[in-house]
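Open the model in your viewer and show it as a cartoon. This tour tells you what to select next.

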Amino acid sequence: AASSGANLVFANNFDNSVSDEWAIQLDGATDDLVFKSEGAGGTARVRFLDNGGICFGSDTAATNALDDYEEGTFTPKLAPHSDYATIHENGIGRYTKIGNMVTCTMHWINKSGTAFPTGQQIMIFNMPFTIKHTGNNGDAHYVAMSQMMHNVQFGSSHKHFFYSNINATTLRGLKARDGTTWETWTCADWNQSSLYFDTSITYMTN
């Protein structure tokens with residue numbers, strides 16, 4: 001009744017103590033479903049929130065709940081910013097999404113030599129989830145990354161990283177030699193056949 005909830009208790013009589021009990025409890029105050037060791041009055045181990053998500057231990061905060069897990073494949077597109085629909089190189093992508101954190105690996109293996117128009121920025125299109133960025137300093141405007149490349153024109157002596165537009169599914173690259181004079185990636189940097197580019201990035205989504 002009321003906040004006392006309802007319990008389904010599993011027990012054996014190995015030593016006739018609560019250590020032999022588990023309880024599934026419908027919390028009367030929150031309508032959460034709670035799994036407890038040592039019976040109905042024991043220790044909460046897993047909580048399924050009534051409004052969605054899973055908490056562990058004594059945590060009951062919705063902001064801490066695991067509310068999503070996904071993994072799959074996608075097709076990242078390396079392309080000029082003005083015409084990605086018709087001029088692009090398809091890559092191979094895989095992602096894992098845990099809550100609002102997305103980790104992706106992307107590969108362009110033996111690029112075929114698609115001629116990107118010179119004088120334009122090169123971008124990565126078709127990310128699997130929108131990159132969270134609303135213009136506030138706390139959002140993920142820049143994304144964590146690691147990468148390996150071969151036959152890319154600006155070479156290994158440059159530093160490079162990705163950043164996103166506001167709430168977009170695209171990535172722009174920045175490059176700098178010795179960490180100064182940052183510039184965007186251009187098509188000329190990537191107009192090379194037999195190009196290999198592997199990258200792993202992590203970003204937040206909405």
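Which residue in the turn of the E9 and E10 hairpin has a positive phi? Before you look, note that this is a predicted model, where local features need pLDDT of at least 70, side-chain atom pairs count only at pLDDT 80 or more, and totals for chains, interfaces and linings use all residues. Residues are numbered from 1 along each chain as its sequence is written, and side-chain values use heavy atoms, with hydrogens and water left out.

Now select Gly 99. This is the turn residue, with a positive phi of about 60°. The hairpin has 2 residues between E9 and E10. Strands here are DSSP runs of E, at least two residues, numbered from the N terminus.

Next, select E9 (residues 92-98). It runs antiparallel to E10, joined by 7 bridges. Two strands pair if DSSP finds at least two bridges between them. Find Arg 94: its bridge partner in E10 is Thr 105.

Stay on E10 (residues 101-108) and show side chains. Val 102, Cys 104, Met 106 and Trp 108 point to one face and are buried (under 20% relative accessible area, 1.4 Å probe, protein chains only).

E10 and E16 run antiparallel, with 8 bridges. Met 106 stands opposite Thr 199.

Move to another sheet. Its 5 strands are ordered E1-E2-E3-E4-E5, open and antiparallel.

Finish on E1 and E2 (residues 21-26), joined by 6 bridges. Ala 11 has Glu 21 as its bridge partner.

Terms used:
Helix = DSSP H or I, 4+ residues; strand = E, 2+ residues; numbered from the N terminus. Buried < 20%, exposed > 50% of the residue type's maximum accessible area, 1.4 Å probe, protein only.
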